[in-house]
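My plan is to look things up one at a time and jot down what I find.

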Amino acid sequence: MNILEIQGLVKRYGNHLALDGINLQVPSGSVFGLLGPNGAGKTTLLRIINSILVSDSGSVTIDGNPASLDITSKILGYMPEERGLYPKMRVDEQIMYFGKLKGAEIDALRHTMQEYMDIFNIAEQDRHRKVEELSKGNQQKVQIIATLVHEPKLIILDEPFSGFDPINGQLLQSLIERLREKGSTIILSSHNMSAIEEMCTHIALINKGRLLLSGELEEIKEKHRNGCLILCTANPLNLPLAMDSGLIETITPYTGYVRRKAHAYAIMPRQGVNNNDILNAVSIQASIVAFEELLPSLSELFISYTRSATPTHNA
């Protein structure tokens, strides 16, 4: 079941076509990455989903209902890239204020606020300070808590890693996984490709207002596989000797393998060659540390599709 369905969404600003017939489905319980270069139309799309903007044509359905301010208020939590905190308001008062605007009960808000403040390690004294007195990272934490405090079913976080060091970034990743386990659906819009690749089950890539790619992340990677293998050995290989086996089309040093100290090589096998035969041939030269097929990274897919800007069907 899809918690969010978008059909034929079009939005123009004067002569500029910001969204050009976007069709998109977000499965319930997924962590969904919304990707695209600056100016791709992501913010416009998110604002229409949140009923902040009205589309020129098309439809948005959330949890089986046409999107409206009433529906988004109850079901959705949205953190925009442009933060919306009141700098002179106390942290705890501010979080409670946003939660009450969403219609949540005060006792439930207090409990949830406390839970999230503990998760983000916000000190007791900071909870009673004005927002403007906090560091940028702590302000970001408050913004996220204010987005989540009413426990929305659908959560949209636009550039949530902004201002976070690696430790707090890991806290956020753990929280997102926890939210998913509790049944929430999370949409992430971010340029942090490594985090998106690690967390997201599904992605969509848009550019110049058009959907270029969408679907389950692992299926997309499988669809774009080219048969290249990564071989890691404990000691260097004699590449001409490896080629003499007649099993390999090309073999070159590979610098993208960073999980452990090893000598890594990218291998393109000859058509019809069994991978076990390659392993047997190479093992004569060196002890094998790892052997796997190389699937394209999310960054590689992003660069490839945004350069070509050729729309495709769902994976």
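This is a predicted model: local features need pLDDT of at least 70, side-chain atom pairs count only at pLDDT 80 or more; totals for chains, interfaces and linings use all residues.

In which sense, left-handed or right-handed, does α3 pass α4 in their crossing? I looked it up, and α3 passes α4 in a right-handed crossing.

**The helix pair.** Next I wanted the geometry behind that. I noted that two packed helices are described by the angle between their axes and the distance between the axes. Helix α3 covers residues 91-101 and helix α4 covers residues 106-119. Their axes come within 10 Å and cross at roughly 130°. That angle is why I wrote down α3 as oblique to α4.

Then I listed who touches whom. From α3, the contact uses V91, D92, I95, M96, G99 and K100. From α4, I106, L109, R110, M113 and M117 take part. I sorted the residues of this contact by type and got seven nonpolar, one polar and three charged.

I moved on to strand β8, residues 185-189, where S189 lies. Is S189 buried or exposed? Its relative accessible area is 1%, and because buried means under 20%, S189 goes down as buried. I skipped its neighbours within four places in sequence and found S189 in contact with L34, K42, L46, L157, D158, E159 and P160.

The chain has a mean pLDDT of 91, and 96% of its residues reach 70 or more. Strand β1 (residues 2-13) has the highest confidence, at 97, while helix α11 (residues 298-308) has the lowest, at a mean of 85.

Technical notes. Residues are numbered from 1 along each chain as its sequence is written. Side-chain values use heavy atoms; hydrogens and water are left out. pLDDT is the predictor's confidence in each residue, from 0 to 100. Helices (H or I, at least four residues) and strands (E, at least two) are DSSP runs, numbered from the N terminus. Buried means under 20% relative accessible area, exposed over 50%, partly exposed in between (1.4 Å probe, protein chains only). Contact means heavy atoms within 4.5 Å. Axes are lines fitted to C-alpha atoms, for helices over the stretch in contact, and angles run from 0 to 180 degrees between N-to-C directions. Angles under 35 degrees count as roughly parallel, over 145 as roughly antiparallel, 65 to 115 as roughly perpendicular and the rest as oblique. A crossing is left-handed if the near helix is turned anticlockwise from the far one by less than a right angle, and right-handed if clockwise. Ala, Val, Leu, Ile, Met, Phe, Trp, Tyr, Cys and Pro count as nonpolar, Asp, Glu, Lys and Arg as charged, and the others, Gly among them, as polar.
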